[in-house]
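Let's take a walk through this model, from a helix to the cores and then to a helix crossing.

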Amino acid sequence: MYSLSSMILMGVIMLASWLVSSRLKSKFEYYSKLQLQNGMSGQEIAEKMLADNGIRDVKVISTPGQLTDHYNPTDKTVNLSEAVYNQRNAAAAAVASHECGHAVQHAVGYEWLTMRSKLVPVVNIASTYMQWILLAGILMVRTFPSLLLIGIVIFAATTIFSIVTLPVEYDASNRALAWLKNKNMLNPAEYAGAEDSLKWAARTYVVAALGSIATLLYYISIYMNRR
């Protein structure tokens, strides 16, 4: 019964994830048409935010693909997808400033970012072997339940990572929006678009965390009901 409930919950979260992702895509498409009056590109927005925060050892570079925007604390680079790097619209401003928000977090030693960075190596290793251990653990749950328990512990690490990611992402967006507003980088309509874009982007992380928690509970239920 508990497993069935977990599966239903997972189905609901998968549907929510699809709805949020679709909404996010439509929002970014809409705000990509809202051109900035200041005429600044995502690259220029990012470089100015870094400079205004006294950060001079971080480079802003273009990276291939879509939705590939990220901050790399290892080599101190703000990586913007080609569209965000070159375009001059509210969506690009939102993404560029958000990624710079992570650079600011790194510069000030934001504790949640530090914690997430420490978890990255663990999650990378877990992601490589986790699915195979869980699959084997389910198949052998009656004869060798400890294998599934090992898989659950490994999966729990990725769940913790998803949870820790939430404050990191929300804080980066808050820093971005505060800078955009305080520096009068955008007019009211542009700012509202950037704020709306980041709001929906943050919700994808919420759904991902809930999905990870639900999946973890599902595996735990299998282990608990193995007899």
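Below are some notes on what the coordinates show.

## Ground rules

This is a predicted model, so to speak of local features takes pLDDT of at least 70 and side-chain atom pairs count only at pLDDT 80 or more, while totals for chains, interfaces and linings use all residues. Residues are numbered from 1 along each chain as its sequence is written, and side-chain values use heavy atoms, with hydrogens and water left out.

## Helix H7

H7 covers residues 188–224, 37 residues in all. From first C-alpha to last it reaches 54 Å, close to the 54 Å expected at 1.5 Å a residue (that is, 1.5 Å times one less than the number of residues). Helices here are DSSP runs of H or I with at least four residues, strands are E runs of at least two, and both are numbered from the N terminus.

At the start of H7, a side-chain oxygen of Asn187 comes to within 3.1 Å of the backbone nitrogen of Ala189.

## The cores

The largest nonpolar core has 31 residues, and Leu186 and Leu180 are among those with the most contacts inside it. (A core joins buried Ala, Val, Leu, Ile, Met, Phe, Trp, Tyr and Cys residues through side-chain atoms within 4.5 Å; buried means under 20% relative accessible area with a 1.4 Å probe, protein chains only.) Its largest share, eight residues, comes from H4.

Apart from it lies another core of 11 residues, including Phe155 and Tyr219.

## H2 across H6

The axes (lines fitted to C-alpha atoms over the stretch in contact, with angles from 0 to 180 degrees between N-to-C directions) of H2 and H6 come within 11 Å and cross at roughly 90 degrees. That makes H2 roughly perpendicular to H6 (the term covers 65 to 115 degrees). Ile45, Lys48, Met49 and Asp52 of H2 make the contact with Arg175, Ala176 and Trp179 of H6, where contact means heavy atoms within 4.5 Å.

Terms used: Polar contact = N/O pair within 3.5 Å; in protein donor to acceptor, adjacent residues only side chain to side chain. Buried < 20%, exposed > 50% of the residue type's maximum accessible area, 1.4 Å probe, protein only. Parallel < 35°, antiparallel > 145°, perpendicular 65-115°, else oblique.
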